[in-house]
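Please look at the sequence and the model before reading on.

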Amino acid sequence: MKWTSAISDEPVLQDAVDEVCRQAQEDLGGQAADLAIVFISPHHAGSYDVAPKLFNDALSPKALLGCSGAGVIGAGHEIESRPAVAVCAASLPGVGITTFEFEEDELPTMDAPPDAWEELIGPSPGDCPAILLLPDPFSISAGNLIAGLDYAYPDTVKVGGLASGGNGRGANALINGMNVNRSGVVGAAFTGDLTVDAVVAQGCKPIGRPMLVTESYQNVIRGLDGGNPLEALRSLFEQASDEERMLIRGSLQIGLVMDPLNDSFTAGDFLMRNVLGAEEDSGAIAVGEIVPEGQVVQFHVRDASAADDDLRAMLDRYAGSLNGAVPASALLFTCLGRGQYLFGSPDHDTGLFREMVAPVPLAGFFCNGEIGPVGDTTFLHGYTSSFAVFRRPRAAAHI
């Protein structure tokens, strides 16, 4: 198994594709590319339709997949706000790759049997360690897609990101083979001698203490530890530092513990969701997720420091789980709100991964939403960095 990644900021698509494919071919040392995953910035939007032919002519991959991205990542570097094309290519002996594409109206209903999903994806659930998903945010219900795949492929890692760069339906590009689709989803299902680990960093730090939801209705929390949720939040605000008060006003989140048997919580144990609002009279608060009674929650805030700390904690946890194994490559699906906008300089997330895990070929893009698991369930995230890490299935990683 050999991977490579390359990136180009050439302003003409033909020149950019030639540059990244030439670098990929050199790195592969004459081995055929079984897979090429490509990401193209919207500066090349006028040439999206010719991109598959250019990549196929230059690299001749057996499977070609990709999408548009408002920012593009390749060779461990992040390029935002200027033209960019990135490719991640691999020679994968012993690995099967089945690409797929479908539209919203082809999604099975939520009560459809697992077989209906298998017909869309291809491999049987028991033979499929990972599924890569690149949906369009304006034309497919990503939440329903993810929930259905979790149901049909419960032991399969699902990772990916929502295409970006366009501002409405039809403005993004999804690439599968020679096809350029403007809606739906494209993806790849893997089989054979491959393991894909997911590392999801949600960029938040906890404030206060964990609390138990004692009364709720759908996404509205009416009781925390038997008391008024809004009063609990006010008490938290009064005890907070000046810096934390500013973050509570501007970036308040709530974390939901995903393992009901867990009674000690660290980075990665929470699913982060927005606090949407509060009702003064009742003290209830609305959040961006269904919250059952008995759920353990904790308020969080988000800023550059918290995002840095959280990513370091998750990468340290993952690196320790590898038992000395070295990954072969990684894909990064990161939020449009991260990158230079959050950290003030490029290559923050990619640099930390290469420093703390391994300096492997790394590609990806800045997404309209990131897909990755928390616990045993896959979610659509925001403000998150979701890594898909590729390696041989030797020492199992537990993160």
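Leaving aside its neighbours within four places in sequence, which residues is D308 in contact with? They are F343, H348 and L352, where contact means heavy atoms within 4.5 Å. The model is predicted: local features need pLDDT of at least 70, side-chain atom pairs count only at pLDDT 80 or more, and totals for chains, interfaces and linings use all residues. Residues are numbered from 1 along each chain as its sequence is written, and side-chain values use heavy atoms, with hydrogens and water left out.

**D308**
- D308 lies in helix α7 (residues 304-321); helices (H or I, at least four residues) and strands (E, at least two) are DSSP runs, numbered from the N terminus.
- D308 counts as buried because its relative accessibility is 17%, the cut-off being under 20% relative accessible area with a 1.4 Å probe, protein chains only.
- The side chains of D308 and H348 make a polar contact at 2.7 Å (a pair of N or O atoms within 3.5 Å, one able to donate a hydrogen and the other to accept it; residues adjacent in sequence count only if both atoms are side-chain atoms).

**Sheet**
- An open sheet of 6 strands has the order β1-β6-β2-β3-β10-β11, with mixed pairing; two strands pair if DSSP finds at least two bridges between them.
- β1 (2-8) and β11 (179-181) are the edge strands, each pairing on one side only.
- β2 (residues 35-40) and β6 (residues 85-91) pair in the antiparallel sense over 6 bridges, and A36 has A89 as its bridge partner in β6.

**F190**
- Leaving aside neighbours within four places in sequence, F190 is in contact with residues including L35, V95, P129 and F390.

Technical notes
Buried < 20%, exposed > 50% of the residue type's maximum accessible area, 1.4 Å probe, protein only.
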